[in-house]
Amino acid sequence: MKELQNTIDDDFVIVGKNKDKMESIARPSLSYWQDAWRRLKQNKIAFLSMLLILLYMILAVTVPIFSKYGYADVNHESMNQFLSSEHWFGTDSIGRDLWVRVWRGARVSLSIGFIAAFLNAVVGSLVGGISGYYGGKLDMIIMRIIDVLYGIPSLIVTILVMVVLGPGVDTLIVALVIVGWIGTARFVRGEVMRLKNQDFVSAAKILGEKNISIIIKQILPNIMGLIITNLMMAVPGAIFREAFLSYIGLGIAPPECSWGILAKEGAKMLRIHPYQLFVPSFFICTTMLAMNLLGDGLRDALDPKLRGTE
């Protein structure tokens with residue numbers, strides 16, 4: 001027995017409890033948004049996509065201001081010049097500098113995309129929140145209206161609005177918002193119906209909060225991550241819709257330009273000067289790709305189920 005005890009003492013070391021280590025904090029305490037930002041930075045592809053979008057936005061603001069060329073300046077002596085140190089993206093068929101026009105078009109296209117997507121998110125969140133929270137006849141009326149609108153192709157509605165109101169940035173945003181909020185409304189309605197019977201909503205009712213205040217202050221913040229993700233995924237769709245409408249002549253009116261206008265003008269010179277189409281097409285494609293990758297990254301970063309799993 002003594003030999004067995006000696007063997008145990010030689011082969012094993014009793015560590016015991018280290019109270020300081022047990023009570024120490026393994027990881028810093030982070031809020032929901034701080035943890036989401038940490039996880040977004042860990043997603044390299046999504047983070048690089050966000051940096052690319054920020055770079056495009058900065059260039060869209062600064063280049064038209066500080067360039068020596070104007071986006072509408074015509075110079076017949078410099079028509080259809082290829083990429084050079086004087087004209088970084090070349091010139092178009094009437095001598096306008098494409099470097100300036102691309103970033104002027106980026107300002108218009110990105111503005112329309114973000115503003116239209118933001119308004120769609122706001123309108124859809126309010127309509128869906130009210131419909132899902134109150135339920136009953138109000139919910140039935142709102143959902144039947146949404147079903148009717150959803151059955152009409154959104155592109156046809158957008159084209160009809162543009163034909164009636166005429167081309168322009170404001171009318172294009174209106175046309176994109178008229179039917180763009182429907183998907184957000186249906187999504188928010190389902191989430192609100194899931195949350196409205198939770199304990200924190202019942203507590204707010206007991207404390208005497210008004211229904212609209214409960215929707216805005218209690219329910220919507222709990223699905224804000226999903227709304228932001230849906231918003232970012234809607235931006236590239238709005239940009240592509242603007243580019244398409246401008247390409248067919250129903251978008252931005254000249255001399256104002258957007259990426260769709262540049263693609264339309266470049267398509268006419270495709271066989272002779274293909275760079276005039278490839279340059280705006282490159283920025284349309286990379287922006288839409290970056291937006292979709294960032295949306296995927298935000299979906300993972302803002303998912304509370306994944307918090308603390310890394």
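Q: Which residues does F283 touch, not counting residues up to four places away in sequence?

A: Contact means heavy atoms within 4.5 Å, and in this predicted model F283 touches Y56, F89, V102, W103 and W259, when residues up to four places away in sequence are not counted. Local features need pLDDT of at least 70 and side-chain atom pairs count only at pLDDT 80 or more, while totals for chains, interfaces and linings use all residues. Residues are numbered from 1 along each chain as its sequence is written, and side-chain values use heavy atoms, leaving out hydrogens and water.

Q: How many residues has the largest nonpolar core?

A: A nonpolar core is a set of buried Ala, Val, Leu, Ile, Met, Phe, Trp, Tyr and Cys residues joined through side-chain atoms within 4.5 Å, where buried means under 20% relative accessible area with a 1.4 Å probe, protein chains only. The largest such core here has 47 residues, and F89, V102, W103 and F283 have the most contacts inside it. Helix α5 (residues 98-134) gives this core its largest share, ten residues. A second, separate core of 23 residues includes I112, V161, I173 and I261.

Q: What does the secondary structure of the protein come to?

A: Helices (H or I, at least four residues) and strands (E, at least two) are DSSP runs, numbered from the N terminus; this protein has 14 helices and zero strands.

Q: What percentage of the residues of the protein count as buried?

A: Of its 310 residues, 40% count as buried.

Note on methods. Buried means under 20% relative accessible area, exposed over 50%, partly exposed in between (1.4 Å probe, protein chains only).
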